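Here is a short walk through one protein model. Keep the coordinates open as you read.

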Amino acid sequence: MKQEKLIKIIGITLIVLTIALLVTTLIINIKLKNSKQDNNLALNNIEQSNVIEGNNIATNEVINEATNEVANGNIDNNIVVNSESVEGTEATDYEPDNLIGTLQIPKINVDAEIMEGTSDEVLASYIGHFENTSIWDGNVALASHNRGNNVVHYFQDINQLVEGDEIIYTTKVGERRYQVFSTKEISSTDWSITEESTENIITLMTCITGEPDLRYCVQAREVI
């Protein structure tokens, strides 16, 4: 009997130990599995972090490169400018930098813009200003055609002006009114009419039809 009890006790003990071993093994496997999952999750997080960081670095490099390109003038920074301002150079109110002002002669219906210089390009569209003369004080000397195709000829009728007729000269500085005191024909080589003056006068000069060696000159004095 004692021997049978001992065998039973040993058998039960072995069963308990076996069960304990199985449970322990199961717990260890579960922990290993969870640990592996945690490790994989950590690796994924690290990889995602590296990808994000890499993208940020790449993005910053692109931004820095673009910034440098703009700074160096290699990218047209007018991209951010609206189309109206880009096309502003063709606007009808565009004024060249060397536009001086305007000239009005009521008697002969002249109201025209004055441009610096007396080149063919200037006189084709404007009254020209002799560059060696004053723009405001002293002698302001101007020229324009009196005839011609494809060019303006604002001075075609200045030979109709007589003493006392009014001439109005306007610039950004202000407006001056003059009265004619001299009308005459001069030689094409007579540049005395552009000399400096101690009084404020305005001088108008144009060609004479059929007389290439002569010019018509009108001078007016400021009305004080």
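Which residue lies over the face of F181? R221 does, at 4.0 Å from the ring centre. Bear in mind that this is a predicted model.

The largest nonpolar core numbers 24 residues. L103, L142, I167, Y169, I202 and L204 have the most contacts inside it. Several strands build this core, each giving at least two residues: β1 (99–105), β2 (110–116), β4 (139–143), β5 (166–171), β6 (175–187), β7 (201–208) and β8 (211–222).

Take I202 as a way in. Leaving aside residues up to four places away in sequence, I202 touches L103, V140, L142, I167, Y169, Y178, V218, Q219 and A220.

F130 leads on to the aromatic pairs. The structure holds two of them. In one, F130 meets W191, with ring centres 5.9 Å apart. Their planes stand at 65°, so the pair counts as edge-to-face, a label that needs over 60 degrees. Where do the two partners sit? F130 is in the loop between β3 (127–129) and β4, and W191 is in the loop between β6 and β7. The pair therefore ties together parts that are 61 residues apart in sequence.

W191 is partly exposed, at 45% relative accessibility.

Conventions:
Residues are numbered from 1 along each chain as its sequence is written. This is a predicted model: local features need pLDDT of at least 70, side-chain atom pairs count only at pLDDT 80 or more; totals for chains, interfaces and linings use all residues. Side-chain values use heavy atoms; hydrogens and water are left out. A nonpolar core is a set of buried Ala, Val, Leu, Ile, Met, Phe, Trp, Tyr and Cys residues joined through side-chain atoms within 4.5 Å. Buried means under 20% relative accessible area, exposed over 50%, partly exposed in between (1.4 Å probe, protein chains only). Helices (H or I, at least four residues) and strands (E, at least two) are DSSP runs, numbered from the N terminus. Contact means heavy atoms within 4.5 Å. Rings of Phe, Tyr and Trp (its six-membered ring) pair if their centres lie within 6.5 Å; planes under 30 degrees apart count as stacked, over 60 as edge-to-face and the rest as tilted. A charge sits over a ring if NZ of Lys or CZ of Arg is within 6 Å of the ring centre and within 35 degrees of the ring normal.
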